[in-house]
Structure formats: C-alpha cells, structure tokens
Amino acid sequence: MKSRSRRIDFTGYLFLLPYIILFTFFLILPLAYGLWLSFMRYELTSPEAAGSHPATFVGLANYREALADSWFRQSFFATLRFVGMTCPATLILSLLIALAISTIPDRRQQIYRLAIFLPTMITISVAGLVWRWFYAPEFGVFNAFLAHFGVKIPWLTDTHWAMKSIVIMTLWWTVGGPVIILLAGIRQIPDAYYEAAAIDGAVGWRRTFHITLPSLRPVLLFVVVLNVIGAFQVFGQPYVITTGLPERSTEVLLMYIYDVSFNNFRLGYGAAMSWILFLVIAIFSLIQFRLLREK
Amino acid sequence: MRDPWYKRLTIEALLLLVAVAFVAPVILIYLTSLKPDSEIIKFQSLLPEHPIAGFHDNFGHILNSPEEVPINRWLANSIFISSATTLLVLTVDSLAAYALARLRLPGSRVIFALIIATLMVPGQILLVPLYLLLNHIGWIDSPLALIVPAGAGAFGVFLLHQFFHAVPRELEEAAMLDGCTRLQTFWHVMLPLAKPALATLAIFTFVGSWNDFLGPLVFLDSIERYTLPVGVALFQSSYAAEYGLTLAASVVCTTPILLIFLLFSKHIIRGIAAGGLKE
C-alpha cells in the first residue's frame, strides 16, 4: 500500500514539471534577476553588445538617481494623475452601469453587458487610432460636433486637457470588466435581504446604500485593487494616442521606463524604476486592503 | 417591490444611450474603413457614400502592397503566436492544476500558494530582465519570445485548480479501479469534464495574446516578424495622413477577435464574473 502511494506521488510531480520549469525560468528567475539588476550599472550601446559590457555593482545609486531625475518625477506624477482620475471614475461609472443593468429584466441584460464589454476586446493600437481621430483638432468627430455650439476643445494639444482625454478614452476601453464583475456580485445578493429591507421601508437609493453596497464590499475590494494595479501600469493609451505629448504631460512612468531601457539601453536604471513602480503599487494595494476589508 | 414604470423606463433609456456610445466607435471603424480618404476628411455622413469603391481602395491597397507593410505576414504571425500560446498554456496549466488540486503531493500547498502570490505581481516588473534573458538565449525577434514566457502565467493554473477541485473524487477512483493510469484518468475523465473551464481559459489566452501590444513592441525587432497590433501602430506612423488604409488594417486586426467575442460571449462574460467572485 505504502509503495503504491509513493509511485503515484512520483507521476504527480511529472504532471507538475512542465509548468514549474516555465514558472521558474520565466517568472521567478526574471523577478530575482530584475532586483539584482536594479543594483547594477548595466548599460549597452546596442542589444547585440550584451555580455561585452559587464554589469558593475553600484548599490542604491540607480534608486538615488531616480529620485533626483526630473523626468522620472514628472512621469511619476503623470502616472499618479492618471490613476487618481481613472480609478475613482471607473469605480463610480461601473457601479452606476452595473446597478442600472441589474434593474432590468434578465432577458435584456445580456445585450447591455455585451455592448459595455465590447471595447475591451479591441487592441490598443486600433482603439487609440479611432480615438485620435475623435480628438483631432479640426476634422475630429468631437470638435466637428461641438462646432455647432461654437465650442472647440484642445483635446490632445493642451497640457490641461491631454491627460483627461486619455482618461475618458480609458474609461470607454476598460470599464466593461468591472461592470461584469460587479453585476455578478449584485446578482449573488440574496433576495431575502431586500425583502427584509422593504419591510423596514427601505426603497430606491436607500436600498442601494444600505443593502447593495455593503453586500458588495468584497467584490468592490477586488475590483478596486485590480483596477489600481492596472492603472499604474498604463502604457498603450498615451503611447499610441499622444506619444507623451504635449510637453511630456502624458508621458507616464512605464513609457519612461520603456524609453530608458529599450531606446537608451540603460537596463540597470530601467530595472530600478520598475521596482520603484512595483513598490508603489504594493503600498497602494495594502492601503486598499486595510481600508476596505475592516469593519 | 418594483420601481414605478416611468423610473424603469428612464433607467433603461439612459442605459441604451450608454450602450450605443460604447459600441459606436467600433462600428465607426468598420463604416469608415469603406470610405476613400477624401470622404473621411470631410466627414459629412456616418455611412460611406461609395462603399465598394472605398473597399477596393483601402483593402485592395493594403492586401496587395506587402513590400513596406506586409500585413499578410502580420496576420499569419498573429494567428501562429496566439494559437501556439493557447495550446501551450492549456497543456501545461491543466496538467499542473490537476496535480495541485488532486494528487496530494507533499509540498503542493506551498507551491500553489507561491503560484497564486505571483497573480498580484504586476507584469511590467518582468519587462527588462525578461528582455535580457530572452536576448541571452537568442529568442529576441523570434515568436518564441512571446509564446513560451506566456506559459509561466498563474491565471490558468488558478482557474483550472478551482474547477478540478470541485470534481467528485469518485469519478477518478472508478476510472483507476477500471485500470486507467494517472495519465489516462486525466485524459479520459478529468479533461472532458473540464471542457467549460478549458474553453474559458483558451478564449482568454488567445484574445490576450492576440491583443498584446507591449510584448511584441519590446521583444520583436524586424517588421516582417510583427504581429497585427504593433503592425497597425507602425502603419499609423508611416501612413499618418491615409486614414482609410490604417482603418482597413485595423479591421483585419479586429475582425477575428470580434468573431470570437460574438461566438463565445457567454464563456467570456462567465469567466470574468467567476474570476471576480472567487476571492
């Protein structure tokens, strides 16, 4: 009996082996390698030159450089502005849409879910192309429409507007996922809660605030944390739509890391900035867990 | 209990407006791809005036000029990379998830916890080290750079683990009593049961790989190795003034994914909803 179970264990590890090899080599190893790199000066003239330029240990120099680098700071604050606008707006918009969909009969819910989720399926270069056309100063769809009211908005050309335009586009592109998760959460709330509330006289908005939202707390936590992690890693929207302009006001952190690492091949510095971004994301996630899990 | 009729009507009318606003840009891509450039710039109506001429202009041009913008190659690359990635992820993840969920291996709990922990790791942090690693093994500018590392992702293991965990043990034990080996049990009993979860994972992996932008941008160099999303971006910068051509390229890039979405929307919606409710 004992020997038989041992043989089963052995084949079990064989099942696990292919994934573990990939997991170790392409996830754990690069994770550790990136941390090691962040303490190194590792600069190449070209990718072909890798190996001929040895990395030298410089301690925290890359991290110190980042804190003193005005372009790092500017791209960091651009990212914060993006996160600060996108995440609350995503939360509110997705909640409103999910609540609205939940009030209509089941048969018709599917079509709305599909419509809201559709943009998520479009790759960023295509979505960005369309929105650049929407935002174009003269021939753009938005300004052509606004011209009827004598209004003209510098969507992508003004430093005050550019990031807002990216945020609006991002809402269209990404709000579908949160809507579907929240809607599934709303449908899981037992009817009995609402019936009990109705007896106590809670209807309409009071029902939403006293029953729906408190019951959704764990789902909301999940949506918010995931959304913030994603928003900090914003790249494609500004890369495709504004290329960081005007005056680098939409150059977000990941765009700067990309530029430093793959245009200038300063890979040690790029790795260090990646770890700073990682730490910031981790801190924000912890704060959200604290705030939303308690009570 | 229910809201009064005028309130329900208002909510649904607003919702309809929002839904139209979400779908409109996608429909516009298709309609406008059938317009010649002169019509696009003037923008007088949503519908193309001469759709057949427009189609001929834009699609005829991009499909017949593979010299500077080899869109046929990009399409082939995208199909190959996304299919190979999906196959790899399904194979590797289902084997691992089954072993972790069912085989009572010493240490499997620790391994599973470690795998799940990496779900929270933001992908950007792997970019630079992965680039150097792939460069070291000579995979930069090869489709392998996009296919193989995708097999390390934890999402599929997590999804299938939940599923295998819920299958009654009796089914497996009956198969083993009938003389099936572990692999046969897995292949003939567990995998057919897991079809819905496997389908969800396959769709997510395929769509994610197809739409990936940062990966091909960093790991591929030569234009003829590009996938459609980075190809369309290149198109945009080299044909900035020719909206019609760029939109036609966008249609080629978007249509396969839209077909998948329309055919398998139930799987997609259910998969996302389930992902959100598990934790």
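Where is the place of A:Arg248 in chain A? Select A:Arg248: its place is the loop between α12 and α13 of chain A. Helices (H or I, at least four residues) and strands (E, at least two) are DSSP runs, numbered from the N terminus.

Before moving on, note the ground rules. This is a predicted model, in which local features need pLDDT of at least 70, side-chain atom pairs count only at pLDDT 80 or more, and totals for chains, interfaces and linings use all residues. Residues are numbered from 1 along each chain as its sequence is written, while chains are lettered from A and ligands numbered from 1 in the order in which they are written.

**Stop 1**

A:Arg248 counts as partly exposed because it has 17 C-beta neighbours inside 10 Å. The burial scale works on C-beta atoms placed from the backbone: 20 or more others within 10 Å is buried, 12 or fewer is exposed, and anything in between is partly exposed.

Now select A:Leu245 and A:Pro246. The peptide bond from A:Leu245 to A:Pro246 is cis, with omega near -10 degrees. A:Pro246 lies in the loop between α12 (236-241) and α13 (253-262) of chain A.

Next, A:Phe265. Look in the loop between α13 and α14 (267-293) of chain A. Phi of A:Phe265 is near 55 degrees, again positive in a residue other than glycine. A:Phe265 has 19 C-beta neighbours inside 10 Å, so it counts as partly exposed. For context, most residues other than glycine have a negative phi, and most peptide bonds are trans.

**Stop 2: chain B as a whole**

Show chain B as a cartoon. Chain B has 14 helices and zero strands. Its radius of gyration is 23 Å, well over the 19 Å that the globule rule gives for 279 residues, so chain B is more spread out than a compact globule. That radius is taken over C-alpha atoms, and the rule is 2.2 Å times the number of residues to the power 0.38. Along the principal axes, the C-alpha atoms of chain B fill a box of roughly 70 × 65 × 35 Å. Of the 279 residues, 44% count as buried.

Select α8 (residues 155-166) of chain B. This helix has twelve residues and reaches 17 Å from its first C-alpha to its last, close to the 16 Å expected at 1.5 Å a residue. The expected span is 1.5 Å times one less than the number of residues. Buried residues in α8(B) include B:Val157, B:Phe158 and B:His161.

**Stop 3: where the chains meet**

Colour by chain. Here 73 residues of chain B are in contact with 72 residues of chain A. Two residues are in contact if their C-beta atoms, placed from the backbone, lie within 7 Å. The largest share of the side of chain B that touches chain A, 14 residues, comes from α14(B). The residues of that side divide into 54 nonpolar, 13 polar and six charged. Ala, Val, Leu, Ile, Met, Phe, Trp, Tyr, Cys and Pro count as nonpolar, Asp, Glu, Lys and Arg as charged, and the others, Gly among them, as polar.

Zoom to α5 (residues 124-135) of chain A and α13(B). They pack at an angle of about 30 degrees, with their axes 8 Å apart. Axes are lines fitted to C-alpha atoms, for helices over the stretch in contact, and angles run from 0 to 180 degrees between N-to-C directions. A:Ile124, A:Ser125, A:Val126 and A:Leu129 make the contact from α5(A), and B:Pro229, B:Val232, B:Ala233 and B:Gln236 from α13(B).

Now A:Tyr19, in helix α1 (residues 2-37) of chain A. A:Tyr19 is buried, with 27 other C-beta atoms within 10 Å. Leaving aside neighbours within four places in sequence, A:Tyr19 is in contact with B:Val92, B:Asp93, B:Leu95, B:Ala96 and B:Val157.

B:Leu95 is buried, with 21 other C-beta atoms within 10 Å. With residues up to four places away not counted, B:Leu95 touches A:Phe15, A:Pro18 and A:Tyr19.

**Stop 4: the core**

Which residues touch the most other members of the largest nonpolar core? Select A:Leu182 and B:Ala96, in a core of 162 residues. A nonpolar core is a set of buried Ala, Val, Leu, Ile, Met, Phe, Trp, Tyr and Cys residues joined through C-beta atoms within 7 Å. Finish on A:Leu182: beyond four places in sequence, its contacts include A:Ser94, A:Leu95 and A:Val223.
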